[in-house]
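User: Could you walk me through reading a protein model, from the whole chain down to single residues?

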Amino acid sequence: MEYRQPLTLAEALKLLQDAVAPVRLFAGGTDLVPTLREISSQPATLIDLKQIAELSELSIAADGSAVIGAALPARQIVAHQPLQCLWPGLVESVASLGSRQIQSRATLGGNICHGSPAADTVPALIAAGARCRICGPLGERMVLVNEVITSPGKTCLRAGEIVVSIHLPPRPARSADAYLRMTSRKLMDVAIAGVAVNLMLSEDDTVQRCSVALGSVAPVAFAVPEVAEFMTGSAIDDALIARLQRVIRHACRPIDDLRGTAEYRVQVAGVLAVRAFRQALQRIQER
């Protein structure tokens, strides 16, 4: 196995194009390294992206929009106070990535590109309307996070492409997000179900916009467009919240596995959606 460590994005793209196949990109390595124990999974070339400054930056604009490098360690994201204030739900999802040791290496880019149905950060990014900046031999393109993962373990990335950064939209006034998940154990476990809510209120306290995304209840994490359809312009009351729970449960397409049955996942997703909605609402009211 040949190990390469480019210092610029241009160098990484050239290496990716010229290196002996099969080639694997190495950011945090928390998903990749365990697979290297199997001979069948060992690449001929391993390209480490950690030393590329462009992939390890985090910046926030005056309008609350943010750019997070795809190879920035999760621990640095969790510790970033301005981002916590603007996007607490997203930061909560990043804080769910295993232990402190894992968070010192794990990355947003890796969590997305691994393509796991249970990836914690993906529902939060989808609810936020985040996009990935993807660069390759044909140039660059911006792709919504909910369009990047096409099936378990598969993405829309073409040959020679790299996810460079994740872009969060401006954070409007009277808006907030939240992420909640259910696990068998409190820490170091894969989610049985995960729900992210991104809520915005009008001046009269009706719902101006609400996005909900689910993880671990379908082959890929996904947004639930029906929520925006019935919530927009509605007053928040018990009937609206009960309808939210019903819509979320109807949208789930889970499987039975060792962590929980499909029926249990459906019930849990509905409960988490209500709790995350109330948490996002409380955050707006406290600002």
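Predicted model: local features only at pLDDT ≥ 70, side-chain atom pairs only at ≥ 80, totals over all residues.

User: How many helices and strands does the chain have?

Analyst: Helices (H or I, at least four residues) and strands (E, at least two) are DSSP runs, numbered from the N terminus. Here the chain has twelve helices and 14 strands.

User: What does the radius of gyration say about the chain?

Analyst: The radius is taken over C-alpha atoms, and the globule rule is 2.2 Å times the number of residues to the power 0.38. For 287 residues a compact globule would come near 19 Å, and the chain agrees because its value is 19 Å. Along the principal axes, the C-alpha trace spans about 60 × 45 × 35 Å.

User: What share of the residues is buried?

Analyst: Buried means under 20% relative accessible area, exposed over 50%, and partly exposed in between (1.4 Å probe, protein chains only). Buried residues account for 51% of the 287 in the chain.

User: Now the sheets: in what order do the strands of the open sheet run?

Analyst: Strands of a sheet pair through backbone hydrogen bonds, either parallel or antiparallel. Two strands count as paired if DSSP finds at least two bridges between them. The open sheet has four strands in the order β11-β12-β13-β14, with antiparallel pairing. Its edge strands, β11 (175-182) and β14 (222-223), each pair on one side only. Eight bridges connect β11 with β12 (residues 193-201), and S175 stands opposite M200 in β12.

User: How many residues are in the hairpin link from β6 to β7?

Analyst: The hairpin joins β6 to β7 through two residues. Strands β6 (residues 131-136) and β7 (residues 139-144) are antiparallel, with six bridges. Within this pair, I134 stands opposite R141 in β7.

User: Last one: is A62 buried or exposed?

Analyst: A62 counts as exposed because its relative accessibility is 90%. The residue sits in the loop between β4 (58-60) and β5 (66-69).

Key: Residues numbered from 1 in each chain as written. Heavy atoms only, no water.
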